2 protein chains.
Amino acid sequence: MRVSAKADYAVRAAVELAAAGEGEPVKGERLATSQDIPLQFLEHILLELKHQGLVRARRGAKGGYWLARPADEVTVADVVRAVEGPIANVQSMPPETIEYAGNAESLRDVWIAVRANIRSVLEEVTLADLVAKEMPSSVEALTAEPDSWAAR
Amino acid sequence: MRVSAKADYAVRAAVELAAAGEGEPVKGERLATSQDIPLQFLEHILLELKHQGLVRARRGAKGGYWLARPADEVTVADVVRAVEGPIANVQSMPPETIEYAGNAESLRDVWIAVRANIRSVLEEVTLADLVAKEMPSSVEALTAEPDSWAAR
DNA sequence: GCACTCTCGACCTGAAGAGTCGAGAAAGTC
DNA sequence: GACTTTCTCGACTCTTCAGGTCGAGAGTGC
């Protein structure tokens with residue numbers, strides 16, 4: 001139930017690329033400094049994003065990275081999945097494949113519901129939303145609840 | 001974004017205790033075999049649950065474990081928190097304490113929304129619900145969606 | 001006293017998370 | 001064509017943690 005540094009970095013870098021828009025490619029170093037991410041580590045992450053087809057890159061002078069798709073067609077879920085694989089696992093297995101014995105049978109439904117609820121946020125929010133700082137209304141409704149901000 | 005073996009085991013053991021009801025204490029070994037959990041590992045988990053006040057225990061013949069509270073007053077969230085600590089962290093920090101720079105500012109709201117949505121499931125379902133195999137309607141609605149079952 | 005069962009610290013092993021390093025390959029510039 | 005810039009990518013480190021095992025001890029009931 002935790003978001004890794006890698007996933008966090010990946011989304012932040014992707015948002016930065018989204019903000020840069022269509023113009024010139026953005027250099028790795030600029031991404032690293034503007035989001036305060038270790039450069040070498042970030043390069044690995046960007047490479048993964050490239051391999052997953054989310055990002056494109058060019059080397060050399062005038063080189064850099066840019067988004068492969070328009071920012072409003074890339075969701076946070078896409079970015080997280082690109083670097084972390086499936087978004088919600090139990091014991092490294094997708095919840096729908098797990099068989100529980102006897103009394104615990106319904107536990108699977110709980111994990112399924114949790115996963116569905118995580119998806120409903122991450123698959124709704126796009127990089128464009130983040131740049132614009134305007135969340136979809138379903139997400140906005142959640143952050144508007146004061147209770148959501150309480151540590152627990 | 002993954003549930004550890006420990007958390008999974010803890011919930012399953014707790015459900016088993018809930019199913020056993022008020023009568024005699026349940027032995028560790030019986031919990032281990034009925035839910036197929038390594039006994040020694042399970043004992044550590046039960047100890048943690050005891051330290052968190054969720055479970056009580058007695059040693060010796062006729063010894064065993066039982067729930068400290070009625071099964072309908074213990075939620076899955078309670079059990080998970082007892083063994084894993086806070087339920088949704090980013091880079092090991094609670095999301096509300098994170099400061100993002102510039103373009104990524106709104107990312108915090110996304111993590112907050114995700115956490116709220118996870119809670120809304122785990123804090124609703126009680127051990128009694130699991131034993132009865134009847135989920136609260138809000139959770140039932142989620143598992144009823146075929147899309148929730150799709151691997152992704 | 002004895003069998004039973006929880007208590008709990010010590011230990012182990014492998015994998016994963018979070019980086020770092022350094023050589024190389026493509027792209028542009030002069 | 002040399003040179004610089006910037007991505008590419010495998011190899012390596014270092015620490016932590018997940019997941020589990022062992023064994024001695026301490027409380028309980030008979």
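Colleague: Which elements each supply at least two residues of the surface near DNA strand C?

Modeller: This is a predicted model, in which local features need pLDDT of at least 70, side-chain atom pairs count only at pLDDT 80 or more, and totals for chains, interfaces and linings use all residues. Residues are numbered from 1 along each chain as its sequence is written, while chains are lettered from A and ligands numbered from 1 in the order in which they are written. Near means a C-beta atom, placed from the backbone, within 6 Å; helices (H or I, at least four residues) and strands (E, at least two) are DSSP runs numbered from the N terminus. The elements are H1 and H3 of chain A, together with H2 (28-35), H3 and S3 (64-67) of chain B.

Colleague: Which helix gives the most to the surface near DNA strand D?

Modeller: DNA strand D is surrounded by 27 residues, Gly28(A) and Ser4(B) being among the closest. Four residues come from the helix that gives the most, H3(A).

Colleague: How do H1(A) and H3(A) cross?

Modeller: Their axes, lines fitted to C-alpha atoms over the stretch in contact, come within 10 Å and cross at roughly 75 degrees. Angles of 65 to 115 degrees count as roughly perpendicular. H1(A) and H3(A) are therefore roughly perpendicular to each other.

Colleague: Which residues of H3(A) does H1(A) meet?

Modeller: Contact requires C-beta atoms, placed from the backbone, within 7 Å. From H1(A), Lys6(A), Tyr9(A), Ala10(A), Ala13(A) and Ala14(A) meet Leu42(A), Ile45(A), Leu46(A) and Leu49(A).

How values were computed: Axes fitted to C-alpha atoms, helices over the stretch in contact; angles between N-to-C directions. Parallel < 35°, antiparallel > 145°, perpendicular 65-115°, else oblique. Contact = placed C-beta atoms within 7 Å.
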